[in-house]
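This briefing goes through one structure topic by topic, for reading beside the coordinates. Please keep the sequence at hand while following the points.

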Amino acid sequence: MQYFIYEPFRLKSNETEAIFLDAIKKTIKKANLAGFCYGVKRAVDLTLDIKDKNPETKVYIFGELIHNNQVINQLTNLGIITITNIDEIQDGQNSICIIRTHGATPQDIKRIKEKGCEILDTTCLDVKKVQEKAKSLIQEGYKLIIIGKSDHPEVVGIKAHAEENTKEEALVLATEQEALENIDKIKSAKKIGIVIQTTQKTENLQKILPIVAEHAKELRVFNTICKTTSNRQTEAKNMAQEVDLMVVVGSKSSANTSHLSEILCEITNTILVENEQELEQYSDMIKNADKIGITAGASTPEDIINKVINFIQLKGE
């Protein structure tokens, strides 16, 4: 962790100063694992590089490259076009289309190729491993269960890759309740294989797994939560036990960022903000906290984290 001791000003009297600083001194701790993970950094670097080398070529990204509005706006300003529908691609023969960090379905990749685009695949390498693991489980005759959110693009991609060229259908479970609602499907499977969305909370796995295990005849589990996510959550939980307030910086649409906030809320006062402007509404909480911890999701740029820290220091005045 990085520590900052913020002391707004000093009084002339030594005796008074000691008492006063003790009352107003604010300690700000920044997590070591805050900000871009290697998968996000790789995707952003590859995207900037391909546009730099092809300034006159249309460059599309199918879906948001990462879940961070500031980064998406910066890419847009460079002329990189984020699309949500493949039909938005114009003059595909002379265009490049980027597959985002969460991956894409085989069907969408095929359609992009049919448009004639050159494809740059920036799918996180950890996500690719989960896609391959899920596919091999189905091919080996396992009923595939994916623990994650069914509408998250990473899970949509994992499921589609696993189900390609087979009639078997994967089951997606996000909560204990969903596991209980699908007991009949779990009981009827001869053998079950599990993979997990890379940005899931370990707690979700711990809650859902016993329900499946109780009713499964044969069970094989691959804990595919990425190390960066689990290490980031562990560091943030330890920090939260030492501070009065945790500030999580990142997009509310980012799964790993939202999960950080959910975990920390159970330990100490926690706020989730996308940028320093959103801190205005929490001025009283900031002023009343002597020790503040800062962490951030894997898709949050370093400069945004630093702006949040600077804002908190100013509010300390």
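This is a predicted model: local features need pLDDT of at least 70, side-chain atom pairs count only at pLDDT 80 or more; totals for chains, interfaces and linings use all residues.

**Pocket, cavity, sheet and helix contact**

The largest pocket is lined by 19 residues, and those that lie nearest its centre are Lys 149, Gln 200, Ala 255, His 259 and Glu 262.

**The largest pocket**

- The volume of the largest pocket is about 270 Å³, and the elements that give two or more residues to its lining are α9 (202-215) and α11 (255-265).
- With four residues, α11 gives the most to the lining of this pocket, and His 259 of the central group also takes part in the contact between α10 and α11.
- Sorted by class, the lining of the largest pocket holds nine polar, seven charged and three nonpolar residues.

**The largest cavity**

- When the whole structure is searched, one cavity of 30 Å³ or more is found, and the space in the largest cavity comes to about 310 Å³.
- The lining of the largest cavity is made up of 23 residues, among which Cys 37, Val 40, His 102, Thr 199 and Asn 256 are the closest to its centre.
- At least two lining residues of the largest cavity come from each of α2 (38-53), α5 (125-139), α10 and α11, while α2 supplies the largest share, which is three residues.
- By class, the lining of the largest cavity divides into 12 polar, nine nonpolar and two charged residues.

**The contact of α10 with α11**

- The axes of α10 (residues 227-240) and α11 come within 10 Å of each other and cross at roughly 35°, and this crossing of α10 and α11 is right-handed.
- On the side of α10 the contact involves Arg 232, Gln 233, Ala 236, Lys 237 and Ala 240, which meet His 259, Leu 260, Ile 263 and Leu 264 of α11.
- The residues of this contact between α10 and α11 comprise five nonpolar, two polar and two charged ones.

**The open sheet**

- Four strands form an open sheet in the order β4-β3-β5-β6, and their pairing is parallel.
- The edges of the sheet are held by β4 (80-83) and β6 (118-121), and because each of them has a single partner strand, one side of each is left without a neighbour in the sheet.
- On average, and with direction ignored, neighbouring strands of this sheet are turned by 25° against each other.
- Strand β5 (residues 95-99) runs parallel to β6 and is joined to it by four bridges, and within this part of the sheet Ile 96 stands opposite Glu 118 in β6.

- Asp 91, although not a glycine, has a positive phi of about 50°, and its place is in the loop between β4 and β5.
- Asn 165 is likewise a residue other than glycine with a positive phi, here near 65°, and Asn 165 lies in the loop between α6 (153-163) and β8 (171-173).

Technical notes: Residues are numbered from 1 along each chain as its sequence is written. Side-chain values use heavy atoms; hydrogens and water are left out. Two strands pair if DSSP finds at least two bridges between them. Axes are lines fitted to C-alpha atoms, for helices over the stretch in contact, and angles run from 0 to 180 degrees between N-to-C directions. On a 1 Å grid over the protein atoms alone, a cavity is a set of points where a 1.4 Å probe fits but cannot get out, and a pocket is an open set with protein on both sides within 12 Å along at least five of seven lines; lining residues have an atom within 4 Å of a point. Grid points are joined across faces, edges and corners, and a volume is the space filled by probe spheres set on the points. Ala, Val, Leu, Ile, Met, Phe, Trp, Tyr, Cys and Pro count as nonpolar, Asp, Glu, Lys and Arg as charged, and the others, Gly among them, as polar. A crossing is left-handed if the near helix is turned anticlockwise from the far one by less than a right angle, and right-handed if clockwise. Contact means heavy atoms within 4.5 Å.
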